[in-house]
Amino acid sequence: AFLELPKNDERLSQSLSTMVACVGENVRIVRSIVATIGDTLALPLETTLYGVEETTTTTTTTWCHLALVKQAQDIEHLWNSIVEEATSLNLGTTIPLLESIEDIRRVSATTAAGLPLCQITLRPLIMLE
């Protein structure tokens, strides 16, 4: 592990848990923004942050070379490192479970039109069941 916590330091553990949760919420917002860009570009729903399968190289090239997408890829790598470290420090219960960009796009594609949207994430404020 990169960092080793002193034994039974509850305050430090709580502080780190809060920071991990906050970073997770920032990653959630980045994913929502990137998902909205994917929707705006009318990319297929199966397009991932790293492009689609090698069969559609035009889409892959268009999507993956956007500066914002490259930055989102960097954020994903950093988030994965944070999750690994938090897990090694036994902070696992505080690590937020985040939807993937593909899941976010799938939900927005199947949501009824006309629902009010969050102004930050552009996701429906009311989820249909």
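Q: What pattern does the protein chain follow along the sequence?
A: Helices (H or I, at least four residues) and strands (E, at least two) are DSSP runs, numbered from the N terminus. In this predicted model, the chain reads α-α-α-α. That comes to four helices and zero strands. Residues are numbered from 1 along each chain as its sequence is written. Local features need pLDDT of at least 70, side-chain atom pairs count only at pLDDT 80 or more, totals for chains, interfaces and linings use all residues, and side-chain values use heavy atoms, with hydrogens and water left out.

Q: Where is Ala 72 found, and is Ala 72 buried or exposed?
A: Buried means under 20% relative accessible area, exposed over 50%, and partly exposed in between (1.4 Å probe, protein chains only). Ala 72 sits in helix H3 (residues 67-88). Its relative accessibility is 3%, so Ala 72 counts as buried.

Q: Which residues is Ala 72 in contact with, leaving aside neighbours within four places in sequence?
A: Contact means heavy atoms within 4.5 Å. By that rule, Ala 72 touches Val 30, Val 34 and Leu 49.

Q: How many residues along the chain separate Ala 72 and Ile 33?
A: They are 39 residues apart, and their C-alpha atoms are separated by 9.5 Å. Ile 33 belongs to helix H1 (residues 10-40).

Q: What is the relative accessible area of Ile 33?
A: The value is 39%, so Ile 33 is partly exposed.
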